[in-house]
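Let's walk through a protein model together, one packing arrangement at a time. Keep the structure open beside the text and look up each element as it comes.

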Amino acid sequence: MVEYTKKIQETAKRLLTEKKVDAVIGYRRGTLPMMNEPVLIKEAEKTDQLYWDSFCGVNLANYLPKRKEKLAIVAKGCDSRNIIIDIQEGQIKREQLYIIGAPCTGMVDRRKVWTRLGGKEPFAVEESKDQIVATGNAFKETLALADLLQDNCLICQHRNPVLYDELIAEALPEQKEVDPYEDVRAVEAMDAEARWQYFEELTRTCIRCYACRNACPLCYCPTCFVDESKPQWLGKSLDPTDVRTFHFLRAFHCAGRCTDCGACERACPVGIKVRQFTKKLNRDVLDLYQFESGLVLEGRPPLDVYRPDDPENFIK
Amino acid sequence: MSDPFEPKIIAFLCNWCSYGGADLAGVSRLQYPPNIRVVRIPCSGRLDPKFILASFRRGADGVWVSGCHPGDCHYIAGNYYARRKFALLKGLLEHMGIEPGRLHFSWVSSAEATKFQEVVTSVTTAVKALGPAKHYIKQMPEGA
């Protein structure tokens, strides 16, 4: 996908020169390999900083809530769905946005690259077509992109932006035959005690840094429940109960809103599969209310509406 | 010989229906197990998942939430919204390993004293059968 770079730069330059937008939100290369960073560009002459390859996993919709100016934003499939949610939830207006849609073939999980390199530290990682070349101290390895994608990208069913003003490449065929909820069903098949142990093991290494929350485009409350102190619902310690409560509530706040963009898992410094919590809710919302978040601008999120005949077989 | 296990169950009852049902059960002298500790909430829609987690964290063996029947909500639709929230909440809590019998939901109107009695009995029986809660209780450090 490196070839998008030129197109993104041209589009951004055009929009800024014609004064159609006040700023462009996109990606630029980070100081470390495989770590592209978000950037907000206001001057047309700086648009050559913009960059695109398969390491643009950060969800840019995270930078939209409560902005006042007119913005252009580069959006993958998942970003565009989160933009729709921001609009639905009144965080930004559609008229403020010029969405530069980028059909996405999946983002690379840097941990999978590290694993493949067996602990060797790459100084530079360059992408070309369907592979990446990692160069380091006395080694140069070529790896296939397809083996390195983030878990959520492997099961992604919305690779093309859902909402855009301009597409910078031809729309891609969607992955129709993937089974997104295989892992959820595997956990459901266990008995209660085994499920408890599964999640206990999953969150054992959590250091409560809240990176998953900060990376999430859905988390924009002025005061997060983790910071509430009167009453304090959640202890601040690393006690397993507190950790579990945090993960539960974080996921529950995303119920009916999560787009499975993978920002949380990508941001986690210790590699916890935090999507295991949100995915269960996504599946339930789909099963119970036939709803997938962020696909249409019209309508309200599933927890903001009801039907008189909603399922209630669990209620006495 | 140790005493038979008596569970502690936190009951969140909506002010307009289930709390009235409890009241009617009381004045009607209906007998029901004394294991519930009632917390009155203005509407089942007021129930925040945090309340349920806080109950478990502080050692409740079971939680029961009860509100008005669909269509009877004092605030017109509070229980409809609550119903969607409860479905997802129960699903995720059980997915995480809380036993299905620890968390209960019901609709009890203020005229249904006998239904109140039946539900308290069945909730208590279910929780009793599971034994004391093993998970999700926060152990306070000594001196805290």
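Start with helix 8 and helix 10 (residues 275-289) of chain A, whose axes come within 9 Å and cross at roughly 40 degrees. The axes are lines fitted to C-alpha atoms, for helices over the stretch in contact, and the angles run from 0 to 180 degrees between N-to-C directions. Helices (H or I, at least four residues) and strands (E, at least two) are DSSP runs, numbered from the N terminus. Before going on, please note that this is a predicted model, in which local features need pLDDT of at least 70, side-chain atom pairs count only at pLDDT 80 or more, and totals for chains, interfaces and linings use all residues. Residues are numbered from 1 along each chain as its sequence is written, while chains are lettered from A and ligands numbered from 1 in the order in which they are written.

(Angles under 35 degrees count as roughly parallel, over 145 as roughly antiparallel, 65 to 115 as roughly perpendicular and the rest as oblique.) Where do the two helices meet? H247(A), F248(A) and A251(A) of helix 8 are in contact with F277(A), T278(A) and L281(A) of helix 10, contact meaning that the C-beta atoms, placed from the backbone, lie within 7 Å. This contact has 4 nonpolar, 2 polar and no charged residues. Here Ala, Val, Leu, Ile, Met, Phe, Trp, Tyr, Cys and Pro count as nonpolar, Asp, Glu, Lys and Arg as charged, and the others, Gly among them, as polar.

Helix 8 (residues 240-253) of chain A also packs with helix 2 (residues 49-57) of chain B, at an angle of about 165 degrees and with the axes 11 Å apart. These two helices are therefore roughly antiparallel to each other. Chain A contributes T241(A), T245(A), F248(A), L249(A) and F252(A) to the contact, and chain B contributes P49(B), K50(B), L53(B) and R57(B).

Now look for a sheet in chain A. Its 3 strands form an open, antiparallel sheet in the order 5-6-7; two strands pair if DSSP finds at least two bridges between them. Strand 5 (122-128) and strand 7 (139-144) are at the edges with a single partner strand each, so one side of each has no neighbour in the sheet. The twist averages 20 degrees from one strand to the next. Strand 5 is joined to strand 6 (residues 131-136) of chain A by 6 bridges, and S128(A) stands opposite Q131(A) in strand 6. Helix 3 (residues 110-117) of chain A packs on this sheet and touches strand 5, strand 6 and strand 7.

Chain B has an open sheet too, with 4 strands in the order 2-1-3-4 and parallel pairing. Strand 2 and strand 4 (103-107) of chain B are its edge strands. Between strand 1 and strand 2 of chain B there are 6 bridges, and I10(B) stands opposite R37(B) in strand 2.

Helix 1 of chain B lies across strand 1, strand 2 and strand 3 of chain B, at about 110 degrees to strand 1. Which residues of helix 1 (residues 18-27) of chain B are buried? They are S18(B), Y19(B), G20(B), G21(B), A22(B) and A25(B). (A residue is buried if 20 or more other C-beta atoms lie within 10 Å of its own, exposed if 12 or fewer, and partly exposed in between; C-beta atoms are placed from the backbone.) Just after this helix, R29(B) takes a positive phi of about 60 degrees.
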